[in-house]
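Let's take a walk through this structure, one spot at a time. Keep the 3D view open and follow along.

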Amino acid sequence: MRTQVVIIGAGPAGLALGRLLEQAGVDAIILERKSAPYVLGRIRAGVLEWGSVELLDRAGAGARMHAEGLVHHGTALSFDGDRLHIDFTDLVGKQVMVYGQTEVTRDLMDIRQGTTIYEAEDVQLHDFDGKPWVSYSKDGTSHRIDCDFIAGCDGYHGVSRASLPASAVSTFERVYPFGWLGVLVDKPPVDPELIYAHHERGFALCSQRSPTRSRYYVQVAADEKVEAWSDTRFWDELRRRLDPQTAERLETGPSIEKSIAPLRSFVAEPLRFGKLFLAGDAAHIVPPTGAKGLNLALGDVALLGSALIEALQEGSTAGVDSYSVRALERIWKAERFSWWMTSLLHVFPETGGFGRRIQRAEFDYLMGSRAARQSLAENYVGLP
Ligand code: RFL
Ligand code: PHB
């Protein structure tokens with residue numbers, strides 16, 4: 001087989017890139033290790049920056065998002081029960097869209113016309129410094145696809161970054177000593193807004209997917225096992241970490257999904273290796289506290305998509321040459337914000353009383369300073 005671009009991974013990055021390319025008439029094949037239902041079963045992000053909303057609109061994948069997504073004009077922070085409202089519209093004149101990653105993925109899958117090969121096993125990248133090609137096997141048969149470019153959109157554990165010689169890539173990493181235990185439940189959200197809560201027992205987040213479906217998280221130790229958390233234990237712990245009025249209003253029920261995600265900050269540099277480009281979680285990870293991961297992935301592919309289109313249709317390499325530097329500038333700003341939100345809101349066992357008082361002072365500063373709230377809002381809704 002031959003195509004112009006082989007995209008590894010059918011997560012939001014790979015599917016959005018595939019769509020941007022096909023709209024411009026560039027031929028691409030997506031290779032995905034898992035089945036489509038498996039990809040759709042992963043419960044992840046919930047918040048889209050407006051830039052992501054506009055990208056999905058441009059991709060022609062925005063209709064259901066506008067019909068079913070929830071526009072949020074602000075968010076709430078709480079610290080030991082004291083509540084702070086961050087009004088995005090007032091502070092920065094922008095909003096975010098609450099719409100699950102599962103739905104974004106489904107919309108992109110539905111609209112795709114090009115070929116996606118699911119359950120592609122043993123994907124391998126070859127000769128990406130020269131004439132690139134990708135091999136894989138499916139149902140016991142080996143295949144080869146020759147191409148002009150390879151886009152590594154295969155997530156943190158993917159094969160693309162792993163194919164690079166260690167000397168070619170620098171990595172920067174911080175692993176946090178905790179994870180998030182998340183529960184999805186068919187009950188109305190406890191609050192119209194998301195609530196990011198700091199409590200001495202640990203962080204908690206009240207999020208939502210629709211007027212009837214909620215997503216809640218609590219900070220747990222890094223080595224915690226999901227089996228140790230019955231629904232009752234989860235709801236009891238969540239209630240303890242919320243202010244009393246919110247805890248009182250919380251509607252609980254049987255969980256329809258429950259999982260633990262580790263928290264890490266990670267960046268690989270550069271993002272281009274000859275004809276191979278990394279995008280999304282394959283290149284960087286943020287802790288979910290700033291709601292940035294999916295948005296960064298979409299930001300990467302917006303840049304990469306135009307760069308590849310320019311290269312293939314106009315013969316101009318300016319976009320592919322500058323992709324890494326331009327994308328990394330935005331990535332590091334989101335890394336900083338996600339690290340900062342994580343540092344403000346979680347309990348860090350090792351920092352002791354000094355660390356907690358610094359966190360309290362940071363929260364009090366936010367309460368008292370419009371400039372501080374504006375900075376938070378500007379980053380949360382997404383930097384230009
Ligand atoms: P994905 O979604 O991991 O997709 C990569 C795809 O590549 C496939 N793959 C392979 N295919 C072929 N061959 C191989 N060898 C392969 N290896 C892997 C995988 O099966 C998969 O289908 O990466 P992508 O597309 O870069 O998208 C990134 C986002 O998924 C991620 O950043 C977000 O989910 C992060 N995130 C959040 N981001 C936000 O913007 N807002 C949020 O509110 C938010 N909340 C979250 C989150 C992530 C979470 N977890 C579980 C990590 C909340 C959580 C709990
Ligand atoms: C979610 O709804 O899953 C979600 C929302 C906001 C975050 C992280 C996760 O910061």
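## Around Ala377

Start with Ala377: leaving aside residues up to four places away in sequence, it touches Ile86, Phe88, Leu91 and Val92. This is a predicted model, so treat the distances here as values computed from a prediction. Ala377 itself is part of helix H13, which covers residues 370-381.

How far apart are the C-alpha atoms of Ala377 and Phe88? They are separated by 5.6 Å, although the two residues are 289 residues apart along the chain. And is Ala377 buried or exposed? Its relative accessible area is 0%, and buried means under 20%, so Ala377 counts as buried.

## The sheet

Now have a look at the strands. Eight of them form an open sheet with mixed pairing, and the order is E6-E5-E14-E15-E16-E13-E17-E20. Strand E6 (82-87) and strand E20 (284-285) stand at the edges; each has a single partner strand, so one side of each is left without a neighbour in the sheet.

Zoom in on one pair in that row. Strand E14, residues 195-198, pairs with E15 in the antiparallel sense, over three bridges. You can find Ala197 standing opposite Ala204 in E15.

## Around ligand 2

Next up is ligand 2. It has 14 residues around it, and those that come nearest are Tyr196, Ser207, Arg209, Tyr217 and Pro288. Sorted by class, the shell has eight nonpolar, three polar and three charged residues.

Which strands each supply at least two residues of this shell? Strand E15 (204-210) and strand E16 (213-221) do. The largest share, three residues, comes from E15.

## Polar contacts of ligand 2

Let's check the oxygen atoms of ligand 2. One oxygen atom is 2.6 Å from an N or O atom in the side chain of Tyr217. The backbone takes part too: a polar backbone atom of Thr289 is 3.4 Å from an oxygen atom of the ligand, and a backbone N or O atom of Ala291 also lies 3.4 Å from an oxygen atom of ligand 2.

How much of the ligand's accessible area does the protein cover? On its own, ligand 2 has 280 Å² of accessible area, and the protein covers 97% of that.

Note on methods
Residues numbered from 1 in each chain as written. Chains lettered and ligands numbered in written order. Predicted model: local features only at pLDDT ≥ 70, side-chain atom pairs only at ≥ 80, totals over all residues. Heavy atoms only, no water. Near = heavy atom within 4 Å. Polar contact = N/O pair within 3.5 Å; in protein donor to acceptor, adjacent residues only side chain to side chain. Areas by Shrake-Rupley, 256 points an atom, 1.4 Å probe, with all protein chains shown as cover. Helix = DSSP H or I, 4+ residues; strand = E, 2+ residues; numbered from the N terminus. Nonpolar A, V, L, I, M, F, W, Y, C, P; charged D, E, K, R; others polar. Pairing = 2+ DSSP bridges. Buried < 20%, exposed > 50% of the residue type's maximum accessible area, 1.4 Å probe, protein only. Contact = heavy atoms within 4.5 Å.
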